[in-house]
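Subject: Handing over a structure

Dear colleague,

I am passing this structure on to you, and below it I have set down what was found when going through it. Please read the notes with the structure open beside them.

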Amino acid sequence: MNRLTTSWGAFTLTRYPEDPRDQLRAWDASDEYLLGRLAEDGTDLSGTVAVLGDRWGALVTALQAAGPGELVQISDSYLGRQATRANLARAGAAPDAVRLLTTQDPPPERIDVLLVRVPKSLALLEDQLHRLAPAVHEGTVVVGTGMVKEIHTSTLRLFERILGTTRTSLAVKKARLIHTTPDPAVTPRPNPWPHRYDLPADTPAPGLPGLTVTNQAGVFCADRLDIGTRFLLANLPGGIGRVRVADLGCGNGVVGLAIALHEPDAELIFTDESYQAVASAEENFRTHVGDGRKAEFLVGDGLADVPDGSVDLVLNNPPFHTHQATTDRTARRMFTDARRALRPGGELWVIGNRHLGYHVTLRRIFGNSELVASDSKFVVLRAVRQA
């Protein structure tokens, strides 16, 4: 099922973390379509080939076998980068076969082939095209790819407005390609990212109303305070004192920021698998709390880098999508990870949509689950790590 066959060989690919029970593939028809077109067209890969948004490393794993001059992957996902490393190693690629960059790193100075796996976030695409545009020249081959349902008129307009004339291919297996001809005469508007906005006056947490928060492109609800976070902020634990608190899946860090402002003795850990998210959380914390306050900012696989039994409180608003797939797999892994990281008596507080049934999952993992608050859409649940 996870064997991708290309003109440069066949590759066994997995997502990260690897789970034999996971039925989701590490590539899709849009990856196949792009790789097939590059081979069919005899695209010159001898220069610098930059691959943006390669979700699990399928594109660079195949392309490294084609022997490009320099192959660069640019990704916002820690899990995607780990999958890429594992897939490259499985393919027998040299350790330096691909230069792995994050969306926060300086991009290559010159790009001869730019390949774009269209991300779920249009904002992230906009930000990265702006960042990469100076490296694109008149002869750069620019090809985007995605499933038909992921490519909209607004997607094509971004390519056209930032890089040059853009057209799409016919659909194959519900996938489509985007072809852009770079135009040196195009002068894009300034990059609107990162975005800043003021938290509303009715934000239900002391110290937060009116604060200006920074959001890098691609961060969940980057232009407003989402209703789920608002409900969690209205129901945070208080009077916690000198404890170690983890904002798990922190996004822009506003939940951990609320704790930091209201609980001056609390020590904060902000963690997310998105480089854009952790950069946002750190800027918001440093701006409103200051450099003198102890805090950790971790890009990683949940709390994997946090020692067992070292945290008193975990706050979590878990995602229930992985790219286009709806799944509770991420939430289950987060809850299990939280239990490991919590001290006996430590607590996990979770915000979720009522229909997701997180109380059942928490009881399986913790042996208990308590309803803290609910409304017509959301529940806040509390689970305690038993001794």
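This is a predicted model: local features need pLDDT of at least 70, side-chain atom pairs count only at pLDDT 80 or more; totals for chains, interfaces and linings use all residues.

Residues are numbered from 1 along each chain as its sequence is written, and side-chain values use heavy atoms, with hydrogens and water left out.

The chain as a whole

The secondary structure of the protein chain comes to 10 helices and 20 strands, where helices (H or I, at least four residues) and strands (E, at least two) are DSSP runs numbered from the N terminus. A compact globule of 387 residues would have a radius of gyration near 21 Å, and the 22 Å of the protein chain agrees with this; the radius is taken over C-alpha atoms, and the globule rule is 2.2 Å times the number of residues to the power 0.38. Buried residues make up 55% of the 387 residues.

The sheet and its helices

An open sheet of mixed pairing is formed by 7 strands in the order S5-S4-S3-S6-S7-S9-S8, two strands being counted as paired if DSSP finds at least two bridges between them. Its edge strands, each pairing on one side only, are S5 (99-102) and S8 (164-168). Strand S8 runs antiparallel to strand S9 (residues 175-182) and is joined to it by 5 bridges, and Arg167 has His179 in S9 as its bridge partner. Helix H1 (residues 29-41) lies across S6 (111-117), S7 (136-147) and S9, running at about 50 degrees to S9, whereas helix H4 (residues 122-132) lies across S3 (48-52), S4 (70-75), S6 and S7, at about 180 degrees to S6. Such angles run from 0 to 180 degrees between N-to-C directions, the axes being lines fitted to C-alpha atoms, for helices over the stretch in contact; contact means heavy atoms within 4.5 Å.

Around S13 and H7

Strand S13 pairs with S12 in the parallel sense over 5 bridges, and the bridge partner of Ala246 is Ile269 in S13. Helix H7 (residues 254-262) has 7 of its 9 residues buried, so this helix too is largely enclosed by the rest of the structure. The buried residues of H7, which include Val254, Leu257 and Ile259, pack against helix H6 (227-233), S12 (244-248), S13 (267-272), helix H8 (275-288) and strand S15 (311-316).

Helices H9 and H10

The axes of H9 (residues 329-341) and H10 (residues 358-366) come within 10 Å and cross at roughly 35 degrees. On the side of H9, the residues that meet H10 include Ala331, Phe335 and Arg339, and among their counterparts in H10 are Tyr358, Leu362 and Phe366.

Helix H9 also holds Arg340, which at 24% relative accessibility counts as partly exposed. Leaving aside neighbours within four places in sequence, Arg340 is in contact with residues including Leu303, Pro307, Asp308 and Arg385.

With kind regards

Definitions and conventions: Buried means under 20% relative accessible area, exposed over 50%, partly exposed in between (1.4 Å probe, protein chains only).
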